[in-house]
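This briefing covers a helix pair, a strand pair and the surroundings of a ligand. Look at the structure first, then read the points below.

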Amino acid sequence: MLVHGDNLLAMRALGERAGSPFSLIYLDPPFFTGRQHERVDRRRDPETGNVVRLMRPAFDDRWDSLQHYLGELGTRVEAARALLAPDGCLVVHVDPKTSHYAKVMCDEIFGPECFASEIVWRYRRWPAKTKNFQRVHDVLLRYVAKADVEPKFRQLYEPLAASTLKTWGDKKQRAVVGGDGRRTRSSRTEEATPGAPLGDVWEIGIVAPIARERTGYPTQKPEELLERLIRACTDPDDLVLDPYAGSGTTLAVAARLGRRAVGIDVGGEAVRVARKRLKAQGVRPYEERVVLEAPGPAKTKPGSRATALAG
Ligand SMILES: C[S@@+](CC[C@H](N)C(=O)[O-])C[C@H]1O[C@@H](n2cnc3c(N)ncnc32)[C@H](O)[C@@H]1O
């Protein structure tokens, strides 16, 4: 389902209709960059045959103050939390400029006991001109819905380090525990290892200019990032929510992995890009539009609906 409109209204309306059905809610808000972001649309000029770059407004990330930014984000985290299944989890994706504020804010909203992990997404990109260490990571804060309910979690694995392979080979090791309950040594088994349990630092490339998944939408996140979250935190058929859907990365990955998903975005350009992306995948999302007040005659395409979900 693809919802065009403000995510706060949409999430409140979803709660009224559906309760708390989401196993995973991923929030990738604007990052407090102080900029207006544009989408680069590459088209071939029919006359010259040359590729031309058209810039289209995508979303505005300018705020009165940091307090204003955090206030808007906090209200949305609270609204999202109300939609979480008891064994679900919520992930807020931010950058190091705001991640510490976001962490304290989420601790207050969920309770610090619901904090599950801080995932560092480390990527490589074209070096910036700066007399500083290059900024090459984002921060993903994961919170579970309830501290006293076991959250859904599927263990993922990463390849063993070369040094581990050299010392221990590619078979599972079993810990030998001493009388005090501590591991004294490891013993080899004959069972093949699936790898090392995935840690909380993820090396994933940013969406390259020539990548097939690239839509030109600014701040598009790599599918592999969402694939890890969705695989680890949901089962097939579960519901995933992305209130800042952008180019529809979460929806595209969820559909590919057999999960059901709801994406919300306030921007028309985002909704167009996400719709096209899903269509290319053979998915035709059910669409709704969220408006502040009951509108005049609905302007919609066949197959979609305009609804005043909240007043
Ligand atoms: C960082 S981008 C998300 C990028 C997305 N994860 C992707 O992979 O393409 C943030 C998105 O949030 C949307 N947005 C910002 N404020 C919103 C609001 N109040 N309600 C709904 N969407 C909003 C913007 O239009 C923008 O598309």
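Predicted model: local features only at pLDDT ≥ 70, side-chain atom pairs only at ≥ 80, totals over all residues.

**Helices α2 and α3**

- Two packed helices are described by the angle between their axes and the distance between the axes.
- On the α2 side, the contact is formed by Leu 70, Leu 73, Gly 74, Val 77, Glu 78 and Arg 81.
- On the α3 side, the contributors are Tyr 101, Ala 102, Met 105, Cys 106, Ile 109 and Phe 110.
- By type, the residues of this contact are nine nonpolar, one polar and two charged.

**Strands β3 and β4**

- Strand β3 (residues 35-44) and strand β4 (residues 51-61) run antiparallel and are joined by ten bridges.
- Across this pair, Glu 38 is opposite Pro 57 of β4.
- The hairpin of β3 and β4 has six residues between the strands, and in this hairpin Gly 49 has a positive phi near 80 degrees.

**Around the ligand**

- The ligand is surrounded by 19 residues.
- The closest of these are Phe 59, Tyr 244, Gly 246, Ser 247 and Thr 249.
- The shell around the ligand consists of eight nonpolar, seven polar and four charged residues.

Definitions and conventions: Residues numbered from 1 in each chain as written. Contact = placed C-beta atoms within 7 Å. Helix = DSSP H or I, 4+ residues; strand = E, 2+ residues; numbered from the N terminus. Nonpolar A, V, L, I, M, F, W, Y, C, P; charged D, E, K, R; others polar. Near = placed C-beta within 6 Å. Pairing = 2+ DSSP bridges.
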